[in-house]
Amino acid sequence: MIVVIKPNTVDEDVQRLIRMIEAQGVSIHYSKGIDHTILGIVGDTTLVDVEKIRSNQIVENVLHVQEPYKKANRLFH
């Protein structure tokens, strides 16, 4: 799952969001670029309350990452 943060967000607010997400039993990969900041959620994302994350004022979008062709994927072999 990927969480896209709104531009010009204060780092303190991002860290607060990271702590809230990590409290739900997953880990975060934090990536801050020039224009965008994203949080990659790693782990069992079924435990994560997506609506709670979306309702945060600094969140621009929440995207689910899926592998629809798992058996054809090279990692499967």
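## Briefing: a β-α-β-β-α-β protein

Thr37 sits in strand β3, which covers residues 37–42. The model is predicted. The protein has 2 helices and 4 strands. Read from the N terminus, their order is β-α-β-β-α-β.

**Thr37**

- Thr37 is buried, because its relative accessible area is 11%, and the cut-off for buried is under 20%.
- Its contacts, leaving aside neighbours within four places in sequence, are Val3, Val4, Ile5, Tyr30, Ser31 and Lys32.
- Of these partners, Lys32 returns below, where it forms a salt bridge with Asp11.

**Whole protein**

- The protein has 77 residues, and buried residues make up 30% of them.
- Among contacts with a separation of 6 or more, 55% come from residues 24 or more positions apart.

**Strands β2 and β3**

- β2 and β3 run antiparallel, and 6 bridges join them.
- The link from β2 to β3 is a hairpin of 4 residues.
- His29 has Gly40, in β3, as its bridge partner.

**Helix α1**

- α1 has 12 residues. From first C-alpha to last, α1 reaches 16 Å, close to the 16 Å expected at 1.5 Å a residue.
- Its buried residues are Val14, Leu17, Ile18, Met20 and Ile21.
- Seen down the axis of α1, these buried residues fall within an arc of 165 degrees, so they line one face of the helix.
- An α-helix has 3.6 residues a turn, so residues three or four places apart point the same way.
- The cover over the buried residues of α1 includes β1, β2, β3, α2 and β4. Strand β4 spans 59–63.

**Salt bridges**

- The structure holds 4 salt bridges.
- Side chains of opposite charge can pair when their charged atoms come close.
- Asp11 pairs with Lys32 in a salt bridge, and their closest N and O atoms are 3.1 Å apart.
- Asp11 belongs to helix α1 and Lys32 to strand β2 (residues 27–32), so this pair ties together parts that are 21 residues apart in sequence.
- Asp11 is partly exposed, at a relative accessible area of 38%.
- Glu12 forms a salt bridge with Arg16, with 3.0 Å between the closest N and O atoms.
- Both Glu12 and Arg16 lie in helix α1, 4 residues apart, about one turn of the helix.
- Glu12 counts as exposed at 53% relative accessibility, while Arg16 counts as partly exposed at 43%.
- In helix α2 (residues 50–54), Glu51 and Arg54 are 3 residues apart, about one turn of the helix.
- Salt bridges that share partners also join Glu12, Asp13 and Arg16 into one network.
- Glu51 and Arg54 form a salt bridge, their closest N and O atoms being 3.2 Å apart.
- Glu51 is exposed at 54% relative accessibility. Arg54 is partly exposed at 38%.

**Loop residues**

- Asn8 lies in the loop between β1 (2–5) and α1 (11–22).
- The phi of Asn8 is near 60 degrees, a positive value in a residue other than glycine.
- Asn8 is exposed, because its relative accessible area is 82%, and the cut-off for exposed is over 50%.
- Ala23 is in the loop between α1 and β2.
- Ala23 also counts as exposed, at 68% relative accessibility.
- Ala23 and Val48 are 25 residues apart along the chain, and 9.4 Å separates their C-alpha atoms.

Key
Residues are numbered from 1 along each chain as its sequence is written. This is a predicted model: local features need pLDDT of at least 70, side-chain atom pairs count only at pLDDT 80 or more; totals for chains, interfaces and linings use all residues. Side-chain values use heavy atoms; hydrogens and water are left out. Buried means under 20% relative accessible area, exposed over 50%, partly exposed in between (1.4 Å probe, protein chains only). Contact means heavy atoms within 4.5 Å. A salt bridge is a side-chain nitrogen of Lys or Arg within 4 Å of a carboxyl oxygen of Asp or Glu. Two strands pair if DSSP finds at least two bridges between them. The expected span of a helix is 1.5 Å times one less than its number of residues. The arc is that of the directions from the helix axis to the C-beta atoms.
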